[in-house]
Every structure is written in C-alpha cells, then in structure tokens.
Amino acid sequence: MEPTNSLRQDGESEGGVLAHLERLETQMNRSHKRLEEPQAVESRLRKLRLQRDKLRAEVEHRQARVKASTASVDPDQALEISEQEVLETKRKNVKAILQAYRFTGLSGKLTSRGVCVCISTAFEGNLLDSYFVDLIIEKPLRIHHHSIPVFIPLEEIAAKYLQTDIQHFLFSLSEYLNAYSGRKYQADQLQSGFAAFLAGPLQRNSLCNLLSFIYKVEPKSQSFPFCARLMYKDLTITLPTDVTITYQGMEPSSSWEEQQTSHENLFRTKSLHKVFTSFARGEKLDLSISS
C-alpha cells in the first residue's frame, strides 16, 4: 500500500511542479509583453529625436546662409530690396482696389510697369465719358500718360494723395470727373433739347462751372424775360452754389420777386434740364419756396 501511495504522491508532486512551471512561464511572457510597450515607445522617441535634430540642423544651416548672404549685401542693395517689397505691396493694393470697386466706375488692368486705371463717368443713370490714368509703380509713384482734361486739377489731387493714399487719389479724381461730366451733360441737354426756351446759345466755360443764358418759361411766349447766371464753386458737385436771376424786360411784373426766388431755388435743387422740362410741361411753379 505504501509504495502505491508513494507513487501517487510523487505523481501529484511532479504534476504540481509542472503546473507551477507553466504558471511561471505565463507570468514571464506577460512580463515580456509589458516590457515591449516601453521599448516601443522609447524606439519611437528616438526616431522623433533624430527627426528633431535633423530639422534643427537644417534650420540652423539655413539661418547661417541667410546671415551670410545678408552680410554680403551692401546697405544700398538691402534698401533697394526693401523698396521693391513696398512697391510690390502697393501694386497688389491697387489691384485689390480695382477689383473691389469695379462697379463704381473704376476699372483697370495691370501693365508691365504698373497699372492703367479707367474712370467711367455717369449722371442720373446715363453713362458718359471715360478717362484713363496710366500709373508707373515705382518710388515715387508716377503718372505716365492720362486723358484727364487740362482743367481738372490732376496735379493738385496727385500732390495730396498719390504717394500716401492711392485709393483716395482715385476716388477724388473720379469725383471731379463725374461732377464735370454731370455739369456738361446738363448743359448739353439744355442746349439740344430746350433751344426754343433760350435766346441765343448757352454761354459756358471749359469746366462748365459757369453758365449763363437768357430764357423764357412759357413755350408760346415771344419774349425772353429772364437771365440766369449759375456758378459752381465746388468742382465736385453738379448743382450750382450761386444762382442769380435778373429780369430782362422794361418793367418786372408785380410777382417778379416771387418768381425770382422760385427760379433760383429750382436751379439750386434740380438738374438744369429737369427745370426746363417743368417749364415745357407748363407746370405751375411753387412760389412758396423760400430762399
């Protein structure tokens, strides 16, 4: 009985050792797996450090090259490079202005030396004349060619704004041109459409900021009792600042002062041809308007 029991016990003992060894092997495998993760992380860190060091070396190399090239450039050349950057910025700004405001009458195209700007004028929805200014973008900015009338103060506007605010320069010039075209359009409309209301031709100067004419208000009347003198002191507007109406007859009527006041206010507040449209329609003047 004892040997049998001994063998059984030994067998149990042997099986217990094997199981224990298997448990140890499992634990070791788990330990190795735990160790693999930090090793993988460390491997990735080493790769990242190598990439960082490589990039840092490349940056330092480039900085050294830039520093060396800067040291070899004389101050005048460095200033020239800086000025070129400024001019290129101005060129881009002009392009942006033209793109942003092409619906306001400003348009243009880039040229090899700068930009050619076209200013289209209009009055009361009527497209009128167009003018161009060819700008050379250099330091200082320069007007190369243009079609601006000689009586428009182009040089004065350029002296104020061209070098400091090109957007203001373009809009100020556009304002003068639109006002001139508007005044000219009104004078042309009066001369061509209402000649029967005028005694002789309309008198005007180049800027169309001084107009004078003798006129009547009743289409069937044979006399031309009124004389008008319109002055536009502000060259950026299309309505007169000063209006003088005088009577051409021997004796003014009893309502003359009221007529004078009414006419003067009409010319100050309405387009010239619209005033005469009212006369042609026989519309009753509002004599209650005060000056």
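Buried means under 20% relative accessible area, exposed means over 50%, and partly exposed covers what is in between (1.4 Å probe, protein chains only). Keep that handy for the tour.

This is a predicted model, where local features need pLDDT of at least 70 and side-chain atom pairs count only at pLDDT 80 or more, while totals for chains, interfaces and linings use all residues. Residues are numbered from 1 along each chain as its sequence is written, and side-chain values use heavy atoms, with hydrogens and water left out.

**Whole chain**

Start with a cartoon view. Going from the N terminus, the order is α-α-β-β-β-β-α-α-β-β-β-β-α-α. Of the chain's 291 residues, 29% count as buried. Take contacts (heavy atoms within 4.5 Å) between residues at least 6 apart in sequence: 43% of them join residues at least 24 apart.

**Stop one: Cys208**

Select Cys208, in the loop between β5 (203-204) and β6 (210-215). Is Cys208 buried or exposed? With 3% relative accessibility, Cys208 counts as buried. Check the backbone too: phi of Cys208 is near 55 degrees, a positive value in a residue other than glycine.

Glu124 is partly exposed, at 39% relative accessible area.

Move on to Pro140, in the loop between β3 and β4 (142-146). The peptide bond from Lys139 to Pro140 is cis, with omega about 0 degrees. For background, most residues other than glycine have a negative phi, and most peptide bonds are trans.

**Stop three: the cores**

A nonpolar core here is a set of buried Ala, Val, Leu, Ile, Met, Phe, Trp, Tyr and Cys residues joined through side-chain atoms within 4.5 Å. The largest one has 24 residues, and Ile148, Ile152, Phe169 and Leu173 have the most contacts inside it. At least two residues of this core come from each of β2 (114-123), β3 (126-136), α3 (154-161) and α4 (166-193). Which helix gives the largest share of this core? That is α4, with seven residues.

Now show the surroundings of Leu173. Leaving aside neighbours within four places in sequence, Leu173 is in contact with Ile119, Val133, Ile148, Ile152, Leu154 and Ile157. Apart from this core lies another, of 22 residues, including Ala187, Leu198, Phe226 and Ile245.

**Stop four: two helix pairs**

Select α3 and α4. They pack at an angle of about 155 degrees, with axes 9 Å apart; axes are lines fitted to C-alpha atoms, for helices over the stretch in contact, and angles run from 0 to 180 degrees between N-to-C directions. That makes α3 roughly antiparallel to α4. By angle, under 35 degrees counts as roughly parallel, over 145 as roughly antiparallel, 65 to 115 as roughly perpendicular and the rest as oblique. To see the contact, show Leu154, Ile157, Ala158 and Tyr161 of α3 with Ile166, His168, Phe169, Ser172, Leu173 and Tyr176 of α4.

Finish with α5 (residues 256-269) and α6 (residues 272-280), which pack at about 135 degrees with axes 7 Å apart. The two helices are therefore oblique to each other. His263, Leu266 and Phe267 of α5 meet Leu272, Val275, Phe276 and Phe279 of α6.

How values were computed: Helix = DSSP H or I, 4+ residues; strand = E, 2+ residues; numbered from the N terminus.
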